[in-house]
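Subject: A structure to look through

Hello,

I am handing over a structure that may be new to you. Please have a look at it, and then read on for what was found.

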Amino acid sequence: MRVISSLLVFSVASSVAAQDLGVPLSWRKFGTDRPVAERISISKAAIDLMISQALKQTQGVGEFDGIGFWQSGSTYTALADHDRYAGTTTYKTVVLNNLNAVFNANKFYKYESVSGSSFLLCLSNSPQRNVITAQVASSGTIATKNFKVQGTCDSKSMVGGVFWRTAVADTNINTITYFPLCEHFPAYLATSSSDTKYRDAAVKSFTCNNLLRDTIQGNDCTRSPDSWVFTYNSGKTVEGLTMMQGLTGDSSWTAYMTRVVAAATKSGPWQGSDGIITEGANTSAVDDAAIFKSIFIRALGEVYERSSSQDLRTLVHSYIDVQFNALLDIATSSGKYSNAWAKAYPGTAFFSWGQASALDVMAAAYQSQLVLFSL
């Protein structure tokens, strides 16, 4: 998996388009007249099938059959978002019981209380030992690696970067380690705590993240090729950026978020002119990319919920509806969904990574309607 994201890739090719928030008329079915109650019902049916088909074999383990631990965690987030947006507690017990099973089985998780609220922090010794601190950036040395660490790349600080693997010679710094530890936890914690250390950590992390590529090498600043651009890179970026203006009072964060959203939805290499996401479309075996786009859609839901720009909200709402309609019209069979959203459902068998990929779309599709109708 990967770093520091994708705005740098888009910044030249999409410098004009990034300012255009109009909905492309080439997009397929970028609206729907399905009422909110029907959307909620569709979402619930998709979740119920996922639970009955994929969770029943692993009760007490906390993960879903056919997908890995992080994909399972992402799926639980979709369940929680369904309840949050629908105003229900239907899946609260399922989520809590199975997350507790995972936490109890893995010693590298622990809880930390912040302002009366419990936040799960992945605080294993491994990530902490592999973080580029100010001291590491200054000295160029870190105890867990056998090479000189670059403290800056293209005049941007690398403080806050996290090495992906623990092998002493592995130089990869990427999104899957960098974002959760260094951007989102501080940003979310800062929204619930008066302690400025969380806000300051989030600001420092996003400053580092100006590079925006999938992966960067900690020893020589080499970046992954332009072809290595994935939906979740942009998704994790904008998810954190939705909170930054409120935390800092600086409107430039919102402008930054808007540019990334516009580029990702209108110029992303993961979709055709019809707007349907084609990334992660392997239906024969699970791979990480099958769920990458779910993370992206979930983040766009956060943008829709928090943004005050009606033009941006319309763009996001329309993009989500494109994916929603593709799932319902094309990539489905008797309530089952495929991760190849632009293609017909392959056969009739259920496969968990396909179903999991659809759940965030279902929740976001009626969440945006709920907020739209409340305006």
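This is a predicted model: local features need pLDDT of at least 70, side-chain atom pairs count only at pLDDT 80 or more; totals for chains, interfaces and linings use all residues.

Residues are numbered from 1 along each chain as its sequence is written, and side-chain values use heavy atoms, with hydrogens and water left out.

The overall picture

The protein chain contains 13 helices and eight strands (DSSP runs numbered from the N terminus: H or I of at least four residues for helices, E of at least two for strands). Of its 375 residues, 53% are buried. Among contacts (heavy atoms within 4.5 Å) with a separation of 6 or more, 67% join residues 24 or more positions apart.

Helix α12

Not counting residues up to four places away in sequence, V316 touches V261, L300, V303 and Y304. L312 counts as buried because its relative accessibility is 0%. With residues up to four places away again left out, L312 touches L21, M257, T258, V261, V303 and S307. L312 and L21 are 291 residues apart in sequence, but their C-alpha atoms are 6.1 Å apart in space.

The cores

A nonpolar core here is a set of buried Ala, Val, Leu, Ile, Met, Phe, Trp, Tyr and Cys residues joined through side-chain atoms within 4.5 Å. The largest has 69 residues, and I297 and M362 touch the most other members. Two or more residues of this core come from each of α2 (36-55), α3, α9 (231-248), α10 (252-266), α11, α12 (310-329) and α13. The most come from α11, which gives eleven residues. Beyond its neighbours within four places in sequence, I297 is in contact with I277, Y319, I320, Q323, W341, D360, V361 and A364. There is also a second, separate core of 13 residues, including A137, C153, M158 and V159.

The cavity

I297 turns up again in the lining of the largest cavity, together with D81, Y85, R298, G301, D360, A363 and A364. A cavity is a set of points on a 1 Å grid over the protein atoms alone where a 1.4 Å probe fits but cannot get out, and lining residues have an atom within 4 Å of a point. Helices α3 (69-86), α11 (289-306) and α13 (352-374) each supply at least two of the lining residues.

Helix α3

The 18 residues of α3 should span 26 Å at 1.5 Å a residue, and its end C-alpha atoms are 26 Å apart, which agrees (the expected span is 1.5 Å times one less than the number of residues). Buried residues in α3 include W70, Y76, L79, D81 and Y85. Just after α3, G87 takes a positive phi of about 75 degrees.

Enjoy exploring it!

Terms used. On a 1 Å grid over the protein atoms alone, a cavity is a set of points where a 1.4 Å probe fits but cannot get out, and a pocket is an open set with protein on both sides within 12 Å along at least five of seven lines; lining residues have an atom within 4 Å of a point. Buried means under 20% relative accessible area, exposed over 50%, partly exposed in between (1.4 Å probe, protein chains only).
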